[in-house]
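I opened the notebook to look up a few charges, contacts and backbone angles. The entries follow the order in which I looked.

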Amino acid sequence: TKIPDITVMETVCDGEEPEVVTQACLLSEFSEKGEARALINSLPDIHHDPVSREATIEKFVVIMDRYQEQPHLLDPHLEWMLNILLEMIRNEKSPPLMVHLCFKFLYIISKVRGYKIFMQLFPHEVSDVLPVLDLLCRQDPKDTETWETRYILLLWLSMTCLIPFDLSRLDGHLSTDPGLNRESIMDRILAVAKSFLRVSDKSRDAASVLVSKFVTRPDVKLKRLGDFLDWCLTTISQTSEITMEGTVTLDGALQSLVSLQFTLVSIKPEPDESPTVLQCLNQKRIAESNQATLRKLGVKVVQRLGLTFLKPRLAKWRYQRGSRSLAVNLAQSSVTGSVEATKTDLESVSQEEDYDIPEDVENIIEQLLVGLKDKETIVRWSSAKGIGRVTGRLPKQLADEVVESVLECFSFQETDNAWHGGCLAFAELGRRGLLLPSRLSDVVPLIIRALTYDEKRGACSLGSNVRDAACYVCWAFARAYEPSELKPYVNQIASALVIATVFDRNITCRKAASVNILSPQGTFPHGIDIVTAADYFTVGNVNNCYLTISVYIAGFEEYTKPLIDHLVHMKVNHWDGVIRELATKALHNLTAQAPEYMANTVLPQLLPMATGMDLHRRHGAILACAEITHALYEIATQKNRLHPRGIQDSALSALAALCRQYYQVEPGVANVEMQDQLVSQYLSALMSPEVLTRCGCALALGSLPPFMIRGKLQKVRLHNVSSAQVSESQTEARRDAATAMSQVCVAVGVCAQGSPDRVLCEGNIRPVYEALLGCMNDYSMDSRGDVGAWVRAAAMSSLMDVTLLVVASAPELLSSDLVQRMMCCLVQQAAEKIDRYRAHAGTVFLRLLHSTDPAVPHIPHREELLSIFPPETGNSLNWNAASQAFPHITQLLRLHQYQYHTLLGLTVSVGGLTESTVRYSSQSLFEYLKGIQQDATVLQQFGDTLLCIFRDNLRNDRVSVPLLKMVDQILANGCFELFTSEESHPFCVELLALCKEEIKKSKDVQKLLSCVACDLSCDWALCLSSLSDWLFDRRFCGMVQFKGDVRQKVLVQLLMLLCHPFPVIRKTTASQVYEMFLTYDDVIDDEQVLADVMASLSDTNCDIATVRTHRNQLCDWLGLPRPILVTKVTHLGN
């Protein structure tokens, strides 16, 4: 049966190419066994008919070929197929044509399953030796139609010669009867093997297998091994490769040596045999042969000779992950740190014994290193495996020299063949643990370069095999080393593999890189996500890789810049026009991932390339510039950033340069006509309804050179002042007007007695400060949040610039009231909740306070401020950190002139939402209040300031809501206990009156919603109840601690809220009053009354009629007048 097909479909993002469909068919068993049996059984009937014979062979080949990738499914059926065919072969009545047909079927089966597995099923009893040998001797080696018969018979003979008996026993009386001329079985088999080593068909390969099995028999090795080696060496020495016959003969002799040496590696031959073989090969110069097959066989013989020179053992110094023993690994799996323990054991092994390395080993290693640079892949691959095998038997120092030699393959003077061979060698060395971690720092950078190796050669390029081999190295390293060893290189390897996965031109390289993404250690950054998007099948389409997968992978920060840099340096100038165009389109798609990097780094790199001499580079650079520019435009359009600040700054600089170059008749004197026209145009545009127009024109006025403003200063100042006072929808315009105001003042300079139309002087300095101080009170809000902070920040910077300018030239222009207002506004901003603007205000405040050359005059409490903020705090104090800023800010509360503005700023911070800001600001405030608890005068002054702020900001939800939160915390912490001892204290009476006034003004639902941080989609009743909870009830409950009329009024107000129209408010009020009576036990003296009140409040029935009855009962118990329901009267008029 066949498992359902696994189909992977991928569609190219642009939709122009058809879908790529890849199918993988998996088989579960040999489902055609019945058909195969029928075909085999039909051989006696159809062997004489050529048409039927060819049809039967074709059908059998089709059936067998289906199992090329899963040949193990044939294993349960090999025996019965072999037995049926051998029975036909052994049948004496079978004609020769049928016998050859049976052998052809046997060859087809062996080709699919592999001769090593299939030959083991041949009968190999003593009785089979002579029949097989006789049948093989009767074959004609020159018959091209029956080579399958000879091939199978040679394999069969290879198995029969493994019988555990001396072959001389099969010779009968040959040894005792000298008159007989028969050859011995041993000589006959050797003769057959030698004859078939010279044929040009597949039988030559089977003959080499026969040699490896037969000559290594103990009896044959003793008697014939030397003679056979002499025959091989003589054949190699005397045969020329010029002719086809000579090439075939050399191939057979070398194959026999390879097979023979492979078997004898673990059983070292006589000491003089290996040097003799090596000398023969050196004299023949096999490595210089024109035939790739001969060079490959030469490398195979050389590497096996190298193994015979060295002791058959594993190097003690090799790197190991765990143990080579499965039992040891399983035993250590339950022990923590098993891998580390294994490494410790390896280190504790005694130093390997020193022994002399034969000089011939150096010659062998040199030949293998030369083989790494061969022009044929099969030779390089065999050389790489040979280096791995030989290095595994060398001492550590010599092995390191081999690694150093392999590193030389990666110089720029070497060809792509050397790079490919070097990669294969490193993969073998790493896989075998022969490349120690100390060498990774030298090897990994070379492998990363190999992953992008691309050498242009004429109209094409070379290097796909190098990149594919580099992927194999990464695969080998991932499985050879512990994650800790590769950790320093993971990001580099990951970036290089991702680049090869999505941007390699060759589909084989892309697939090879993709399978390495998910390493066994799981150390590949975002490996699972990437391999899901870029699996083995999806990377098959190059358009999909460049335009879709690359964008997804670039979304991970680790790969964004490496992907972009590779496209710019390697693909934009690619020789293939299709790749160049795909690279530029990919840059367009990747721009959204890193627009700033594209604009500031990539475009400056591409512009010189667009004017270079190389045609490919120029074409790709021009396309890339166009694509990136287009992408940046699209991003700006989507984000409504058609006029980004960078472009605007460049335009302002250009405007100033234009004026200096063309609009002055002589140095410092403006062209009056152009001055009037330009300034008038910008001034009129300041009143435009378009925000961007206002911003641009305000900044343009600020960037004009001094000679363009002189004579127009009054108009410019008045228009900037008016622009700074527009409606809330023009926040950006106010910000830029405040910035431009300081720029104009700095440009024209200061002169105390100068003309108000030309310089900053006594006649116009106050309006400038009034405008900037007015901007400090801008708290505009929109969907973006506190946008007024932009205006405040610009005003703070402008105040600092103008003040320092005036102080440096004419400090007498600064009046004490302006300086006081400025410093108080800065203190208020430095105490507020937004970290960035608090830091900006603090920096400006300290800059003005610490200014000494000259000092800013009229700063209130200068000495006290310097004690709080000594000069060294300018660098050490982090205003962004609430834990550092607020302990300094709250100290200003003891300075009378700063108390109001400091407390106003603290109100917003203490009653805010940010946890860290609330915690540190309230902690600092309570520390200050604890310090003045015993000073009634200072505490009264603080309370008066608090009430003044409340009074000034009634119905201003930005201040009143956080102020009520702050008052709640102050009352809860008992900071006004000094006032509770006096009945009807003025502070308490005033606070209660202000709270009631705030309630009255909070009946509008929309206003309530704007007060609380509630989602606009929430039910307005719930919002109102939430507000009532924390805005009123808690404050009233807290004010119960004040004695006298205040307590009575608070209780009346709370009892009225018990009958609020909204049930949630009634429940919340009852809960708060219940907690209040538990907290303040002196409100009700009678315990029975207190118990009745608590029982009544705990009643869960919140029906309005029932609640009113309970409320009236509570009024009676507490001795309070019952509230009277007021009837609304509607007045009808005309």
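Below are my entries, grouped by topic.

**Ground rules**

I am working with a predicted model, in which local features need pLDDT of at least 70 and side-chain atom pairs count only at pLDDT 80 or more, while totals for chains, interfaces and linings use all residues. Residues are numbered from 1 along each chain as its sequence is written, and side-chain values use heavy atoms, with hydrogens and water left out.

**Salt bridges**

I looked up the count of salt bridges and got 32 for the structure. The term stands for a side-chain nitrogen of Lys or Arg within 4 Å of a carboxyl oxygen of Asp or Glu.

I started with Lys104, which pairs with Glu148 at 2.8 Å between the closest N and O atoms. Lys104 sits in helix 5 (residues 96–113) and Glu148 in helix 8 (residues 147–160), so this bridge ties together parts that are 44 residues apart in sequence. For helices I use DSSP runs of H or I with at least four residues, numbered from the N terminus.

I then checked how covered the two partners are. The scale calls a residue buried under 20% relative accessible area, exposed over 50% and partly exposed in between, with a 1.4 Å probe and protein chains only. Lys104 is partly exposed at 21%, and Glu148 is buried at 7%.

Next I took Asp219 and Arg217, whose closest N and O atoms are 3.3 Å apart in a salt bridge. Asp219 has a relative accessible area of 10% and is therefore buried. Arg217 is also buried, at 8%.

Arg792 and Asp786 form another salt bridge, at 2.9 Å from N to O. I noted Arg792 as buried because its relative accessible area is 2%. Asp786 comes out as partly exposed at 21%.

I also found Asp400, Glu404, Arg439 and Asp442 joined into one network by salt bridges that share partners.

**Negative patch**

Which residues gather in a patch of negative charge on the surface? I wrote down Glu359, Glu362, Glu366 and Glu401. A patch of this kind takes residues with over 30% relative accessible area and no salt bridge, and joins like charges within 9 Å. Asp and Glu count as negative, and the charge of Glu is placed at CD.

Helix 17 (residues 359–371) gives the most to the patch, with 3 residues. I looked at Glu362, which belongs to helix 17. Its relative accessibility is 63%, so Glu362 counts as exposed.

**Thr538**

I went to the loop between helix 26 (527–533) and helix 27 (542–554), where Thr538 is found. Is Thr538 buried or exposed? Thr538 is buried, because its relative accessible area is 13%. The side chain of Thr538 reaches the backbone oxygen of Ala533 at 3.2 Å.

**Positive phi**

His861 has phi near 55°. I placed His861 in the loop between helix 41 (835–849) and helix 42 (862–868). At 26% relative accessibility, His861 is partly exposed.

Arg955 is not a glycine either, and its phi is about 65°. The loop that holds Arg955 runs between helix 47 (936–952) and helix 48 (957–972). Arg955 is partly exposed, with 40% relative accessibility.

**Buried helix residues and distances**

Ala36 lies in helix 1 (residues 33–41) and is buried at 0% relative accessibility. From Ala36 to Thr56 I noted 20 residues in sequence and 9.9 Å in space, C-alpha to C-alpha.

Val211 is part of helix 10 (residues 203–214). With 1% relative accessibility, Val211 counts as buried. Val211 and Ile189 are 22 residues apart along the chain, and their C-alpha atoms are separated by 9.1 Å.

Ile499 belongs to helix 24 (residues 490–503). I recorded Ile499 as buried because its relative accessibility is 9%. Ile499 and Thr452 are 47 residues apart in sequence, and their C-alpha atoms are 8.3 Å apart in space.

Methods:
Patches are made of residues with over 30% relative accessible area and no salt bridge: like charges are joined within 9 Å, nonpolar side chains (Val, Leu, Ile, Met, Phe, Trp, Tyr) within 5 Å. Accessible areas come from the Shrake-Rupley method with a 1.4 Å probe; for residues, only the protein chains shown count as cover. Helices (H or I, at least four residues) and strands (E, at least two) are DSSP runs, numbered from the N terminus. A polar contact is a pair of N or O atoms within 3.5 Å; within protein, one must be able to donate a hydrogen and the other to accept it, and residues adjacent in sequence count only if both atoms are side-chain atoms.
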